[in-house]
Amino acid sequence: MKKNGTSGISRRDFLKGTAAGVVGVAGAGVLMGCGADKSAAAGTAAEAAAAAPRESLMGKVKETIKADVVVLGSGGCGSAAATRAAQLGMKTILLEKNTVYGGTTMFTEGLFAVGSHWQKDAGVDYTVGEVFSRAMDYHHWLADGSLNHHFFDASAANLDWMESVGIKFRAVSTMGVALTTWHLYEVEEGQLSGTKYVQQWQEAVEKSGATIMMSTPGRELVMKDGKVAGVIAEKEDGTYVLIEAPVAVMATGGYADSNELINQFCDFSAERVEATGIKGRDGDGIKMALDAGSALAKSPGTLIFYGGTMRGMPYGTELYCAAAFQPFFWVNEKGERFANEELAEQNFTHSGNVQAMQKKVYSILTKSQMDMLANEGCVFGCGEYIARGSKLTNLYKELDDWTSANKGSVYKASTLDELAGKISVDKNTLKATVNRFNGFCKSKQDLDYAKNPDYLFPLEDGPYYAFELVAGIFATAGGIKIDTESRVVNEAGQAIPGLYAGGCETGGLYGDTYDVGVCAGSCQGFAVHTGKVAAESAGKYIKA
């Protein structure tokens, strides 16, 4: 099976290979999308009707609520969809499966826009055309050009609208070598970077008149005569409620927590990937949309890499910054260098790509380098969490806490021979790699990867620390196929009536790689854009 393109994955293939089978008919003309049925080789609703039906949740419904729009998920996409739908006079219900509002959007730091008043005030003068062309060049023109242009064209107006509903920004910035498109939110000291942002979104949703139902995941998409008829949700007390509505917006945040779907869609094994964020991104919305007949977008396995991380390591800590985000020295399972370590900051999604391709990755530092980070300051910072040059004063305490808790992934040795034994690489290869690298440091010229001489730090005397890394992801950015109106479409390109999706639920924004190295904040900007557009498109659909 090809993993980067709908030519290699059909809906039939997907439903054969994943636990998201199609449930059969529950009453005349009604299709329920829910749990596992690997025996169902269904590619269309007609095939589903012919397959052995499974019991749906309709018989367990204890309550029915009527609405115009039901939104699944409270991240940037869901919040924008719910706010805009309610603004337009539609009775709107937003479902959030977790106890905390906002999902993994809480970990974001800013969003993309081009042509905003923030950029104009800062003297940044990009045209949509030049940013669009640069982004598409980055994606080798494999991204959906129509979706991207529609998003870029509307991005400045989207930001104005966000400010009008109470979302507050503080600056426009960049990340690494990216364009200055990253509009940073207001933040609260000591909190996750997106905490205040999602609080403002929750207030916007509530002020708009939409209803929020927390701890209430959508479980089944109800289809009648090929159109959306509602969603069955599970309430916190375990009972089921049917929300009868002609419109459903899938905004559940993708499948970052589903090893099954990562292995199904991606070119990388789930064993090489570590997701950070609020848990529960199990591909629920993608499965429901596929059950309803959605096509998969090209490159459904695109991952939002942020570079290397240790298994179980929270993003943005001082230990994380030292172990994974510095331009020091990386080797793979063979004890060989495999990339320019500057990727850690300069294009951390490329760092994730190359690290995920190795069987093992170790970041190796000397004790003197650790001391430098603690006493003099880090070389690279860590987004909005740790500024460049900051002293990592808690580094050794965090390291002690980590090792005392036996969390693994950390190895310490007095010599390279001893270290090679602990990380199970050939000692002669490791020593030869270190010697070659030290020669580059001495000559100030990296003949293998052309690393900036300012970042050539030799590994001289021990003790040595080796941190075993996997590739960290913030989210996924591939899945179901939508058009520029955020309508979910089938294999023939026809919109499925009443079904909308956006953000990480969908594909088309990227080719196979997150474009943080060009358009920082694009993922969150696209989430808000597609959510807003879904509501506006739904309003036209309901009126029609």
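**Exercise 1. Determine in which loop Pro463 lies, and describe the peptide bond from Gly462 to Pro463.**

Solution. 
Step 1. Pro463 belongs to the loop between α16 (427-443) and β19 (464-476). The model under study is a predicted one.
Step 2. The bond that leads from Gly462 to Pro463 is cis, its omega being near 0°.
Step 3. Ala450 is also found in the loop between α16 and β19. Ala450 has a positive phi of about 55° although it is not a glycine.

**Exercise 2. Decide for Ala450 and for Ser299 whether the residue is buried or exposed.**

Solution. 
Step 1. The cut-offs are needed here: a residue is buried under 20% relative accessible area and exposed over 50%.
Step 2. The relative accessibility of Ala450 is 63%, so Ala450 counts as exposed.
Step 3. For Ser299 the value is 9%, so Ser299 counts as buried.
Step 4. Ser299 lies in the loop between α9 (284-291) and β15 (303-309). Its phi is positive, about 50°, although Ser299 is not a glycine.

**Exercise 3. Describe how strand β17 is covered and to which strands it is joined.**

Solution. 
Step 1. Strand β17 covers residues 361-366, and six of its six residues are buried.
Step 2. Sort these residues by face. Val361, Ser363 and Leu365 are buried on one side, and Tyr362, Ile364 and Thr366 are buried on the other. Both faces of β17 are therefore covered, given that buried means under 20% relative accessible area.
Step 3. Turn to the pairing. Strand β16 (residues 330-332) pairs with β17 in the antiparallel sense over three bridges. β17 and β19 also run antiparallel, and six bridges join them.
Step 4. Follow one residue. Val361 in β17 is the bridge partner of Asn332, and in β19 the bridge partner of Val361 is Leu469.

**Exercise 4. State the strand order of the open sheet that contains β6, β7 and β8, and explain why one side of each edge strand is left without a neighbour.**

Solution. 
Step 1. This open sheet of three strands has the order β6-β8-β7, and its pairing is antiparallel.
Step 2. β6 and β7 (169-173) stand at the edges, each with a single partner strand, so one side of each has no neighbour in the sheet.
Step 3. On average, neighbouring strands of this sheet are turned by 25° against each other, direction ignored.
Step 4. Three bridges join β6 to strand β8 (residues 182-185). Within this pairing, Trp182 in β8 is the bridge partner of Phe112.
Step 5. Helix α6 lies across β6, β7 and β8 and runs at about 140° to β6.

**Exercise 5. Is Thr181 buried or exposed, and with which residues is it in contact?**

Solution. 
Step 1. Thr181 lies in the loop between β7 and β8.
Step 2. With a relative accessible area of 0%, Thr181 is buried.
Step 3. Neighbours within four places in sequence are left aside. The residues in contact with Thr181 then include Leu111, Phe112, Tyr126, Val172 and Cys519.
Step 4. Cys519 is itself buried, with a relative accessible area of 1%.

**Exercise 6. How many aromatic pairs does a search of the whole structure find, and which parts does the pair of Phe112 and Phe152 tie together?**

Solution. 
Step 1. The search of the whole structure finds 27 aromatic pairs.
Step 2. In one of them, Phe112 and Phe152 are 4.8 Å apart centre to centre, with 35° between the planes, and the pair is tilted.
Step 3. Phe112 lies in strand β6 (residues 110-112) and Phe152 in helix α6 (residues 145-164), so the pair ties together parts that are 40 residues apart in sequence.
Step 4. Phe112 counts as buried at 1% relative accessibility, and Phe152 likewise counts as buried at 1%.
Step 5. Compare the rings of Tyr315 and Tyr320. Their centres are 5.2 Å apart and their planes stand at 45°, so this pair is tilted.
Step 6. Tyr315 and Tyr320 are members of a cluster linked by ring pairs, together with Tyr306, Phe325, Phe348, Tyr385 and Phe474.

Conventions: Residues are numbered from 1 along each chain as its sequence is written. This is a predicted model: local features need pLDDT of at least 70, side-chain atom pairs count only at pLDDT 80 or more; totals for chains, interfaces and linings use all residues. Side-chain values use heavy atoms; hydrogens and water are left out. Rings of Phe, Tyr and Trp (its six-membered ring) pair if their centres lie within 6.5 Å; planes under 30 degrees apart count as stacked, over 60 as edge-to-face and the rest as tilted. Helices (H or I, at least four residues) and strands (E, at least two) are DSSP runs, numbered from the N terminus. Buried means under 20% relative accessible area, exposed over 50%, partly exposed in between (1.4 Å probe, protein chains only). Two strands pair if DSSP finds at least two bridges between them. Axes are lines fitted to C-alpha atoms, for helices over the stretch in contact, and angles run from 0 to 180 degrees between N-to-C directions. Contact means heavy atoms within 4.5 Å.
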